[in-house]
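Subject: Structure handover

Hello,

Here is the structure you are taking over. Please open it first, then read the notes below.

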Amino acid sequence: MGPRVFQTIPALRVALVEARQAGARIGFAPTMGALHEGHASLMTRARAECGLVVVSIFVNPTQFDKPDDLARYPRTPERDLAVCASRDVDIVFAPAVEEMYPRPLECAVEVGATAAHLCGRARPGHFRGVATVVMKLLQIVQPDAAYFGEKDAQQLAVVRRMVRDFDVPVAVIGVPTVREADGLAMSSRNQRLGPDERRLAPALYQALQRAEAMVADGITDAARITRTALATLPRDERLKAEYLDLVDPDTFQPVVAVSGPVIAAGAIRVGSTRLIDNVRCVPG
Ligand code: AMP
């Protein structure tokens, strides 16, 4: 039997009230669909820890800084349901845009320093949109635990900070990044890569691994590390580096001299597709 699918907030709430009254621990994984093994790992973890597993599938327009990126975002609704069924998900919440935004929002979550660098700088308004929709989804589902991928490490840090700042009663659980055999972090956007682009894409992870190795070797000069890591990227007109930086794992502030664990985070464009990845680096 597949998951129960709800498109409206009131219908979902009725089902959740029943589950809550029955004493089920509710686990929740928000997604934008085009589901892959990375999303599935969130479901598997939630399934192991919770009595009721809810997955949302909603391509949130307010977190896209480019209309073209939103229009081209992959959508595979039938396959998504099969993935959820294969991981024994109980409930899928798949609202239309009008259900989530029946009127323009007047209120939003204001994000701060955690969202200021990396993707926050590259994509103005992105984390405000993410934080606001995650806040709405947490209010709608009211889960005991919410599962997010470390693949989007800055997003995870922004959500953790928001949950602390607003005293949201939910445990935020980070789940390790799932990768393809050649190291490329799984992403819905990978579907958009042509064969040549797909061959170039793992270079980002390799560059981040270079940074990880330098930190492990005891090198502390962040500028030297990021310069060397960036220089590993193949010179190819289809590949453009957007950023590669070392940041503090909790605050996401840039690190100048490495003195403890850091996150090496990078974004590249391959053709018209933007890819991000990150690696936790620990000094040797
Ligand atoms: P998205 O559908 O891209 O918004 O992602 C939904 C959730 O799945 C987010 O918490 C992501 O961090 C997580 N996720 C996406 N890709 C991966 C991956 N390769 N490994 C682990 N989690 C992932």
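**A hairpin and its neighbours**

Strand 8 and strand 9 form a hairpin with 2 residues between them. In the turn, Gly271 has a positive phi of about 60°. Helices (H or I, at least four residues) and strands (E, at least two) are DSSP runs, numbered from the N terminus.

Before the rest, some ground rules. This is a predicted model: local features need pLDDT of at least 70, side-chain atom pairs count only at pLDDT 80 or more, and totals for chains, interfaces and linings use all residues. Residues are numbered from 1 along each chain as its sequence is written, and side-chain values use heavy atoms, leaving out hydrogens and water.

**Strand pairing**

Strand 9 covers residues 273-281 and pairs antiparallel with strand 8 over 9 bridges. Two strands pair if DSSP finds at least two bridges between them. Ile263 has Arg280 in strand 9 as its bridge partner. Strand 7 (residues 239-247) also runs antiparallel to strand 8, joined by 8 bridges. There, Lys240 stands opposite Arg269 of strand 8.

How many residues of strand 8 are buried? Of its 9 residues, 8 are. Buried means under 20% relative accessible area, exposed over 50%, partly exposed in between (1.4 Å probe, protein chains only).

**Gln154**

Gln154 sits in helix 8 (residues 153-165). Gln154 counts as buried because its relative accessibility is 5%. Its side chain reaches the backbone nitrogen of Cys119 at 3.1 Å. Gln154 also has contacts (heavy atoms within 4.5 Å) beyond four places away in sequence, including His117, Phe127 and Phe252.

Best wishes

Terms used:
Polar contact = N/O pair within 3.5 Å; in protein donor to acceptor, adjacent residues only side chain to side chain.
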